Amino acid sequence: PSKVAATTKAVKEQYSERTVLACLELHTYSSLNAEFLAEYKSALDFADKAVVFYSPHAVKIKQLDNVTAQQIGDAFGREDLIIYTNPQEFKDFLFKENIENTAVLLMSSGNYGGLDFDEVKGLI
């Protein structure tokens with residue numbers, strides 16, 4: 001969480017004239033742990049638009065307790081937090097966004113459920 005907060009803040013400071021769209025995939029065992037989620041409080045506060053993606057299937061594979069979108073929203077403390085659990089819906093969102101004058105920040109130790117990053121580069 002501290003790295004997410006520091007990265008988001010640094011991008012906002014570097015691109016202060018742009019809208020910062022910060023996308024975070026919760027992918028690791030700790031980040032998908034319901035108790036650990038509270039550590040993310042305010043981590044995306046410097047983003048103008050914040051998105052969290054997680055895979056309920058990954059939670060199941062890792063044999064963790066289910067995590068709900070409500071828990072994630074509460075943990076980050078942003079009423080405007082956008083949450084996706086479906087990779088195609090996240091991709092559709094990303095590709096429909098008007099990213100002119102936007103700094104897009106993708107943070108993950110995964111790949112957003114199979115997102116093709118070469119395809120994402122084509123958005124620029």
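Me: Which element gives the most to the lining of the second largest pocket?
Reply: In this predicted model, strand β1 gives the most to that lining, with three residues.

Me: What volume does the second largest pocket have?
Reply: The volume of the second largest pocket is about 190 Å³. Its lining is made up of 15 residues, and those closest to the centre are Val4, Leu24, Thr28, Ser31 and Tyr40.

Me: Turning to α1, which of its residues are buried?
Reply: Val4, Thr8, Val11 and Lys12 are buried in α1. Viewed down the helix axis, the buried residues fall within an arc of 100 degrees, so they line one face of α1.

Me: Which exposed residues are on the face turned away from the buried side?
Reply: That face of α1 carries Ser2, Lys3, Glu13 and Gln14, which are exposed.

Me: What span should α1 have at 1.5 Å a residue?
Reply: The 13 residues of α1 should span 18 Å, and this agrees with the model because the end C-alpha atoms of the helix are 18 Å apart.

Me: Why does Lys12 count as buried?
Reply: Lys12 has a relative accessibility of 19%, and buried means under 20%, so Lys12 counts as buried.

Me: Where is Lys12 found, and what is it in contact with beyond its neighbours in sequence?
Reply: Lys12 belongs to helix α1, which covers residues 2-14. Leaving aside neighbours within four places in sequence, Lys12 is in contact with Arg18, Val20, Phe46 and Asp48.

Me: Now Phe90: buried or exposed?
Reply: Phe90 is buried, its relative accessible area being 0%. This residue lies in helix α4, formed by residues 87-96.

Me: Which residues is Phe90 in contact with, leaving aside neighbours within four places in sequence?
Reply: Phe90 is in contact with Cys23, Val51, Phe53, Tyr84, Leu106, Tyr112 and Leu115, once those neighbours are left aside.

Me: What separates the C-alpha atoms of Phe90 and Gly113?
Reply: A distance of 9.2 Å separates the C-alpha atoms of Phe90 and Gly113, and the two residues are 23 residues apart along the chain.

Methods. Residues numbered from 1 in each chain as written. Predicted model: local features only at pLDDT ≥ 70, side-chain atom pairs only at ≥ 80, totals over all residues. Heavy atoms only, no water. Helix = DSSP H or I, 4+ residues; strand = E, 2+ residues; numbered from the N terminus. Buried < 20%, exposed > 50% of the residue type's maximum accessible area, 1.4 Å probe, protein only. Contact = heavy atoms within 4.5 Å. Expected span 1.5 Å × (residues − 1). Arc of directions from axis to C-beta. 1 Å grid on protein atoms, 1.4 Å probe; cavity = no way out; pocket = protein on both sides within 12 Å on 5 of 7 lines; lining within 4 Å. Points joined across faces, edges and corners; volume = space filled by probe spheres on them.
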